[in-house]
Structure formats: C-alpha cells, structure tokens
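Trainee: I'm new to this one. Can we walk through it together?
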Amino acid sequence: MKQIPFRDVHLDFHTSGLIPDVGADFDPAQFARTLTEAHVGSICVFARCHHGYCYYPTKVGTPHPGLRRRDLLGEIINSLRAVNISPGVYTTVVWDELTSQSHPEWRQVTAERKFIGGEGAGWKWLCMNTPYANWMEAHLREVLSAYSFDRLFVDIVNQWGDGCVCDHCLEDMRENGLDPKSPTDRRMEAMRVRSRFIKRMRDIVNEYNPEVLV
Ligand SMILES: [Zn+2]
C-alpha cells in the first residue's frame, strides 16, 4: 500500500502569456532544499496551465512565450527525485484559454446556442466530446512518455451542468436517442461525455504506468 505523504503541496502556476522571464532565476537545488527543510513529501508541478501554455519542450502544445528554461518541468522533477520528494504533474482540460481561442469550434455551447464561459473574468469551457479529446490524448502521451512521476492531476473535467449542445454533442445525443431540448437528456449526455473522457484518459495513463494515481 502506498504511503500518504506527510505534507503535500499544490504549486499553483497559472501564468499569463504576458508575464516575461518565467523561471529565469529558478535554482533546482535551492528549490529542493527549501521543500526538504519544510518536510514536504510530495508536490504537484505544472505541465500546462489554464492559460494553455506548457512548461516543457512540447510538440503537441505551445511553450509559455516567456519561459526562460528549456524544460522547467523536467528540471523540477529531477530536483525532486534527487531528494526523494514525490512529484505529481498537473494539467488542465476544460479551461485552456489558448486552445479556446485557436479552436472556438471545440467550445461548449448552451441550449441557447451561446458559448459557455469567457464572460468577464471567467474561463472559456472546451467540450470533451470534440476532437479536443484527441488533442488531450496526444498531450498526455507526450508528458507520460517524457517524465516519471507518481500522480497526475487532470483538472477541470466537467461538462456544463445544463449540458453542452455543440455540434458533436448534438450528433451524439441524436445517435443515442436523447433529446437536446430536454434538460434531463442534456444532463445525461454531459455525464456520459465526462465518464467516457475519464475512462479514456485513465486507460492512456495505464498504458504507461498503472501505478500513477490520477
Ligand atoms: Zn459538446
């Protein structure tokens, strides 16, 4: 049975593309020493954030434009392994500003055919029933094949509470005898989409390392 770490840290790292010199002064040894002195047993660090940027050399996604290190994620994981602190890796699903802008056709849509999220300070919502799921698979495979870590935090795995009626969800509902005009059926579809996506991502993780907690 796996031991629960004494102290677990989530290093929240959602960083706007407007911020320059990301990681410029990062010192891996000092980072690991500080965590050791604080008796941290495990820490979750970022592969990608809600702004949609990656913190490792990626072919699938987009590195943060202000990143001043070739592989911040790799450096962090190596520094943690060197002092026996357990690394977890964070990525985001439904909230990804960059992908929402480059692929508006992947966004979730309300019953009134309006985009979900993105009003004011809110994040735009991407739909897990679109080809974005394929993009997420490629992203996860890239991270899983490049790094060794113990936990994967796959954040914001939600369809809108009242359901999404993007073109992909509409087609899926019709194929499965669900009525897009029915709130109950829309919610049913939202739960189906979410469950299917979770299973798909878990199966991918299992291909690489079934010991990774998700
Ligand atoms: Zn949808």
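Trainee: Is S182 buried or exposed?
Mentor: This is a predicted model. In it, S182 has a relative accessible area of 18%. Buried means under 20%, so S182 counts as buried.

Trainee: Where is S182 in the chain?
Mentor: S182 sits in the loop between helix 5 and helix 6 (183–208).

Trainee: And which backbone nitrogen lies 3.0 Å from a polar atom of its side chain?
Mentor: That of D185.

Trainee: Back to helix 5. Which residues are buried there?
Mentor: C169, L170, D172 and M173 are buried in helix 5. Seen down the helix axis, the buried residues fall within an arc of 165 degrees, so they line one face.

Trainee: What do they pack against?
Mentor: Helix 6.

Trainee: Which exposed residues are on the face turned away?
Mentor: D167, R174 and E175.

Trainee: What follows helix 5?
Mentor: G177 does, and its phi is positive, near 70 degrees.

Trainee: New topic: the metal. What coordinates the zinc ion?
Mentor: Four SG atoms do, at 2.3 Å: those of C127, C164, C166 and C169. C169 is also one of the buried residues of helix 5.

Trainee: What is the geometry of the site?
Mentor: Tetrahedral, with angles of 103 to 114 degrees among the 4 donor atoms. The ideal for four tetrahedral donors is 109.5 degrees.

Trainee: How are the donor residues spaced in sequence?
Mentor: The pattern is C-x36-C-x1-C-x2-C. C127 and C164 are 37 residues apart, and this pair links distant parts of the chain. C127 is in the loop between helix 3 (97–102) and helix 4 (132–146). C164 is in the loop between strand 6 (151–155) and helix 5 (167–175).

Trainee: Are those two buried or exposed?
Mentor: Both C127 and C164 are buried.

Terms used. Residues numbered from 1 in each chain as written. Predicted model: local features only at pLDDT ≥ 70, side-chain atom pairs only at ≥ 80, totals over all residues. Heavy atoms only, no water. Donors = N, O, S within 2.8 Å, 3.2 Å for Na, K, Ca; no water. Tetrahedral: all angles 85-135°; square planar, octahedral: opposite > 155°, others 65-115°. Helix = DSSP H or I, 4+ residues; strand = E, 2+ residues; numbered from the N terminus. Buried < 20%, exposed > 50% of the residue type's maximum accessible area, 1.4 Å probe, protein only. Polar contact = N/O pair within 3.5 Å; in protein donor to acceptor, adjacent residues only side chain to side chain. Arc of directions from axis to C-beta. Contact = heavy atoms within 4.5 Å.
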